[in-house]
Amino acid sequence: MIYQFIPVAAGRVMERLIRSMVPGTMAVLDLEDGYLDVRDSGKTSDRRASGRRQLLELCAKATGRANGRPVAMRVNAAGSEDFGRDLPVVRAVAETFGLSVVILPKVESGDQLRCSHAKLTAEAVEFGGLFQVVETRKWIGRIDEIVATAVEIGSPAIIYGHLDYWLAADCWPFPNPREQAYWEPVERSAERALSAGLRYVHPPETELRDGALLAGVVARLRKICGDRFDVFSAGMSQTSLLLRLVEAVSSSDSGLESISEQPPLAPVERKRLAKETCDLFEANNRHEHSFSADARSGRFIAPHQYLAALRCLREIGDA
């Protein structure tokens, strides 16, 4: 399955995007990172409130017209005020479209996962499964506990969120799929998931049109997981490409033969990459979106990358 994030926008736009999903793909409605305000974090909660209103309006207008395409939905972290505010919207989406997956970010313990599942059940939300995302610095030491709880509550899969993980680890630049550091957390989380009978779900790549790199990622995932993995997509063009690659690429393909340990970059190179990323983000960012996409290069720039690059520039003293 390819899970494609779609930006929350006008109701007609969202409904059209949901209807455009083809077999093997699923739309993901996002109430978490899609509403990060990278310029003023204090406004993030207000942006999420606006997103909830838009989704409720979509559900009100689509009732009776939804075409039977279930969706996935990412809510906010368990225990946060936003998580509680998300629940009525989650129920409305489930009743309107059918909710195949609820994605719970920043899971750090079994108790957190168990409590969130109980709250969704108490809210009478009908959904197919709860996917937990391990992406903070605490998950590595608690992965066995989290996996055991996932099995207990009937969760079908675990997601590793690399963007949040590398941001929390104070890393810049983030490792890419040609570096061994990129794959170490993937292998750790995938191994635990697979050994417990769960699937592994891989986060979106930031190269939207680099077919060779994406083919290498799919081949590497096949070597690690066999057929027991799914992939997130950052956009429609990447979804189309991934859909073809998942069908065609086998574990014997060797698109990432050059995976290696990379030495730390010199400060001047870190600064150059940080400035390039910030400039690209700011030149292509639309105010209503937390991300940016450069049409010329085919590069998707997540808010996490922008924040990490900005932090790097500030630390070096040239923001």
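This is a predicted model: local features need pLDDT of at least 70, side-chain atom pairs count only at pLDDT 80 or more; totals for chains, interfaces and linings use all residues.

Student: What kind of barrel do the strands make, and in which order do they run?
Tutor: A closed barrel of eight strands, in the order β1-β2-β3-β4-β5-β6-β7-β8, with parallel pairing. From one strand to the next the twist averages 25°. Two strands pair if DSSP finds at least two bridges between them, and helices (H or I, at least four residues) and strands (E, at least two) are DSSP runs numbered from the N terminus.

Student: How many bridges join β4 to β5?
Tutor: Five, and the two strands run parallel. L104 stands opposite Q132 in β5. The chain goes from β4 through α4 to β5 in a right-handed β-α-β crossover, meaning that, with the strands pointing away from the viewer, the path from the first strand over the helix to the second runs clockwise.

Student: Why is β5 called largely enclosed?
Tutor: Six of its eight residues are buried, so β5 is largely enclosed by the rest of the structure. Buried means under 20% relative accessible area, exposed over 50%, and partly exposed in between (1.4 Å probe, protein chains only).

Student: And what does β5 do on the β6 side?
Tutor: β5 and β6 (residues 157-160) pair in the parallel sense over three bridges. V134 stands opposite Y160 in β6.

Student: Switching to α1. Which residues there are buried?
Tutor: In α1 (residues 11-19), M14, E15, L17 and I18 are buried. Seen down the axis, the buried residues of α1 fall within an arc of 160°, so they line one face of the helix; the arc is that of the directions from the helix axis to the C-beta atoms. R12 and R16, on the other side of α1, are exposed.

Student: Last one, α8. Which elements cover its buried residues?
Tutor: The cover includes α7 (180-195), β7 (199-202), β8 (229-233) and α9, where contact means heavy atoms within 4.5 Å. Among the buried residues of α8 are L213, L214, R222 and C225.

Student: What follows just after α8?
Tutor: G226, with a positive phi of about 65°.

Note on methods
Residues are numbered from 1 along each chain as its sequence is written. Side-chain values use heavy atoms; hydrogens and water are left out. Axes are lines fitted to C-alpha atoms, for helices over the stretch in contact, and angles run from 0 to 180 degrees between N-to-C directions.
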